[in-house]
Amino acid sequence: MSDPGVTEQLRAAAALLLQPPDERTSSILQSASGERLDPGEARQDFYDTFCIPRSGRYIPPYRHVMLGARELRDYWYFPPPRYNGGDGLVSWYETIGFDVSRLNADVLLTGPNRPLDHLGYLLAFLSTVARSTDENSELFELGSTFAEEFLSEWPRRYVSLLSRANSVYLHLVADALNEALDRVNEYFPPQAIKNVEDMQGETSGVVAD
Amino acid sequence: MAKEPFAPITRRGFLGALAIGGVGVGLGGFGGTIVDVVSYRNRGRKALHPIYGNSDTPEWLRDVTTGELKPNPQWILRHTTDQQCHSNCGLRVKIDRKTGRVQRIIGNPYHPNTLIDYTSMSVPFIRTAAHPGTVCARGNAGIESAYDPYRVLSPLKRKGPRGSGKWQPISWEQLIREVVDGGKIFADTGDPASESFEVTGFGGLYAKRNELMNPAAPELGHRTNGFVLQCGRTVGARKEFVVRFGQAFGSVNVDDHVNVCELSHHVATDQVFPGKHMTQPDVTDAKFIIYWGTQPGDANFPMQTHGKYAAHARAKPDGLKYVVVDPHLSRGGVIGDRASWVAIKPSTDGALALGMIRWIIENRRYDAAYLSHPTRKAAEAAGELSHTDATHLIIVDEKHPKYGRFLTSEAAGLGGFKGDSAADRVVIDPAGRPARAGAADTARMEYAGEVNGIRVKTAFARIRESAEMHSLDEYSSICGVSKERMIELAREFTSYGRQAVSTMYRGVVKHPNGYYNGVAVLLLNLLVGNMNWTGGLTAGGGSWSYKKGLYDNVDVPEAKGVAYGVMITRQGVRYEDTSEYQALVKAGKNPYPAKRPWWPFSFAMYTEVLPSGLQKYPYGIDILMWNMATPFYSVPGQGNPEIIKMMKDPRNVPLIIASDIVVGDTSMYADYIVPDGSFLERWNVDGTLPTVLTKGTYMRWPVVELTHKTPDGRHMCLEAFLIDVAKRLDMPGFGDKAIRDKNGKWWPLNRKEDWYLKACANVALAAGHPDDEVPEVTAEEIEIMDLKPFHDRFKDSLPPEQWPKVLGFIARGGRFEPHSKAREGGKLTHRFGKTLHFYAEDVGITRNSMTGELYLGTTRWVTPATALGTPLDKLDPPEKWPLTIITFKGALQSHSRLVSNYTIREIMPDNGIEVSAEDAEHLGILDGDYVWVVTPEGRRRGRARVIQGIRPGVITFSVGYGHWGYGATQYSVGGKRIEGDRVRRMGILLNPIMRRDPDVWQMSLMDLTGGSIVFYDTRARLEKETQGV
């Protein structure tokens, strides 16, 4: 049975990584946390942390980057993001017709050749899967396999980096993401990975409309 | 800063609040500016050197004491020829001597494409160190074509139905055995539809080489015509090689791709300049050029050379001015005092050219003295460098049995034929009397009357009348160019004497009326008499032939007469000459329209291969082979579900073999894939292109070899496959007795080099001028190019005395006349001598197989229409379909096969739909918005690119994007999944939804005269995407 709660919650978590906070989002976060939140600063934090590699505050939300991230003596080293770093996800996304270019995301995150393993995309994908589990219970298995393969460990590490930032807004985002990852674990519990190819269908040919 | 592994989680519940509050990513679309820059780069590991980074060491080292340059022994340098597009530019390839890997590609300075003042053949290789040639981005990136991780390096056989994307590797022996012997060769595929299917292999078909395809239609040739080899850019000597196989096997159906490119351009040229398929301006010395349907810097013959020449000429004081006539402004059409852009409506170039012709004639701006000479002899006596048929009389009496032909002396009562058909035509001499053309120095251009009781007109009168069929205002209305601009163009074109040229490429001809457009554009040249003059028009410098000389590389005497008949594409044949037509007439039936068109003037009708075979008209296909061919991707309208479904059914085409370097967009539907070499692994020998004014023959050879080896040690490729099939069948022309030299000695053909080295010898040792002699290779060149192992491997392919020059030819990358030989003062050195035609007799007496009407011997404005004459505006009314799709070949993509070149893709990752700012504003589309392109055949989604440089009402896209094969989607080999690369799917390809002709099954819109497929006339509309996920 689908859980409207988890669908919406994962979608909201994805939105925190893909859209700058508008007045409403800031207001919700403020009332839920009791923290004072400046909407302008929150927007700037969003862009500096999630969008602009040269901001000096950038924490790349990409799996392939975070898997190679290392804490050095005085700073964190992130390997350069690669535009094709998340191409392994293509067939997963295609399985359910998930198209990242259609997500309602900030333009800086949606141009061509962005890596596909953005944490926001991964959460949005699982949100879409969760929405459809009502009609197709096999999708639970797909979601579990996906979560185990792509959302193990590194997102927690990412969240921990957010929580260290000098930003109330980012602390709140980190908390929300942690909660979302908990929901993922509850809703898509880990299980043995099956043969991936069995779930892919066949190679597509010319696309007929 | 604290260093905790994970921050403590103190607060929960935000997520629920956010979800309840409606925050989410999938709630709608978004607008605003899309930033298309690629933010991230794979910067890789730390560079090896803080200043020079990871650069290779240089090719040359300078001796610190003498200052002399010496080759760096780390590198092998070899010359070959590019094939990333069809410019055929010379390459210098830098290969790591230790690893054998290609590290860099630059230009070969001996090759004319790469430098204006290219290096003379006599200059030793070592002296060229500081003077390399240039190649374009595509040439530089070619390494990535060869080292594509998706390369197919050993034979594959499908494991599942056709197109299932599942492959199994097989041995070379199994490949050859199965395709030759046939039988139930799909039993191991697991495909229920074909596992018990009995396949006639090459052997079974070859056994029928003396059986007629259809006894009731013997002109269709033998059953072996059921073998069809559909080639893409398989040209020059490589095409000759595969044609040799076809001839020996008994099939005429071995041909390449030209009609998907711009065939009508060649056919129109052939009719105006008999025997020539291309003319070009002498760009560097011209004063004024009109580029129709192309522009310097875009695809052309050759692109970088045209661009280089135009830039050079434009920079000279009082140098070149040019005008680009094209709906799309690309790189060459820069606006300034030396260049301008005329944004014409697609398909209407003929109307503008005819308007100009009308104005030029009415204002007597043509060169009347030049046009008055009826023969070459008379023209040369007057100091002219060419002559036309302007004064020749044409029979215009429709009841006369020779209606549409030139009047001959015999018919005019002036005496019998004297051996020169052009001189034997009839003209009206200055005194008004009929005269044999060969006997007149000058003649009247304007005449309409009777000669010997036959109504006649001059060719010039015919073109004048054609031009006068519409007023300048009407022409202006048709083409969307103001009357004033039309007149200004005509005036300027006729203001530079012989140094003005009207030249064209694909944009003019890829329309249903393409041939007639092309002829009109070309005829402008005849009016100013620019042929063969410096700064005028050229047919090129010619080439040395690789076909014959020391060796006869073409004839296979034992196979004579086996391969003959009508090709499956019905090209080069008049419908009226067929048994089918005659039977219908005999039965009292209307023979028109034919089931599919016949193409009497055309060649290489690539786009008709598959639908003709599926429709079995004139016959079906037993064995289909593809080489460098991807019709589903490249042919407008052909990559559609119906035709792909039919091709997937072995009952329609029992055996499909693709020779390819990857699992391509079309080869993914084959039964077998034979690995082929990339252009760095292939052979070819062919002439340079006519933009170069000097004589030249380039060569391409395997500077590296990457495919796996056959059991006897040859690298797998198309030629190795054909040789082994031929040898298993004991076909003539292959094996131990195959190639005859000029002394009658027979030489073997067991390796491709046995044949190509003889093609090289034919060129390298051909007689010539001392200036263009091929120098013998030096010991130093052998060392730098590492030619010894090559020679040792193939030393038996040539006699020892021929090797020094053949290796010299390979070392230079071809044989090229010095650039100083291009001109003799105001005249071009290499001149075209045949009669230039205002009137194409052959066309004027031939009927259209669909309508039964005669084609036009001259040109006039012809409304673009379907095969049976429905105007396109009526077929797809502009009210419903307000836009017209055109395509372009920019500098970074020329065709289907550069998708593996990531360096290029990083520069331009996505092509997008280019739409005019005016249309975009009207439709509410912003740059970067996703839009749907909707045509009567389907719809495709892509990003809008809003630009100023396109005519409103027109949209365009660069070719080469939107792949589904070639590594773009996943497949499996031997059960191992190979993931597709998203980058290769980027962009949009509209070919599959381009307009098909409703009058002919599975035929795109076509130019029924010239044979070009139509890329420029699909009507469309744009719909902005507004939905989110």
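Visitor: What makes a residue part of the lining of the second largest cavity, and which residues lie nearest its centre?
Guide: In this predicted model, a lining residue has an atom within 4 Å of a cavity point. For the second largest cavity, 14 residues form the lining, and G293(B), D298(B), D326(B), F888(B) and Y1016(B) lie nearest its centre.

Visitor: Which element gives the most to that lining?
Guide: Strand β32 of chain B, residues 883-888, gives the most to the lining of the second largest cavity, with three residues.

Visitor: How do the residues of this lining divide by type?
Guide: Five are nonpolar, five polar and four charged. Asp counts as charged, so D298(B) and D326(B), which are among those nearest the centre, fall in the charged class.

Visitor: Why is this space counted as a cavity?
Guide: A cavity is a set of points where a 1.4 Å probe fits but cannot get out.

Visitor: Which elements and domains contribute to the lining of the largest cavity?
Guide: Two or more residues come from each of α7 (258-261), α20 (631-634) and β23 (655-660) of chain B. Domain 1 (68-146) and domain 2 (865-1024) of chain B each give at least three residues. By type, the lining has 17 nonpolar, 18 polar and nine charged residues.

Visitor: Why is strand β26 of chain B called mostly covered?
Guide: Buried means under 20% relative accessible area. Five of the five residues of β26(B), 696-700, are buried, so the strand is mostly covered. On one side these are G696(B), Y698(B) and R700(B), and on the other T697(B) and M699(B).

Visitor: How do you know which strands pair with β26(B)?
Guide: Two strands pair if there are at least two bridges between them. Strand β25 (residues 684-687) of chain B has four bridges to β26(B), and strand β29 (residues 814-816) of chain B has three; therefore each meets the requirement. Both pairings are antiparallel.

Visitor: Which residues are the partners of T697(B) in these strands?
Guide: G687(B) is its bridge partner, while R815(B) in β29(B) stands opposite T697(B).

Notes:
Residues are numbered from 1 along each chain as its sequence is written. Chains are lettered from A and ligands numbered from 1 in the order in which they are written. This is a predicted model: local features need pLDDT of at least 70, side-chain atom pairs count only at pLDDT 80 or more; totals for chains, interfaces and linings use all residues. Side-chain values use heavy atoms; hydrogens and water are left out. Domain bounds come from an automatic or database domain assignment. On a 1 Å grid over the protein atoms alone, a cavity is a set of points where a 1.4 Å probe fits but cannot get out, and a pocket is an open set with protein on both sides within 12 Å along at least five of seven lines; lining residues have an atom within 4 Å of a point. Buried means under 20% relative accessible area, exposed over 50%, partly exposed in between (1.4 Å probe, protein chains only).
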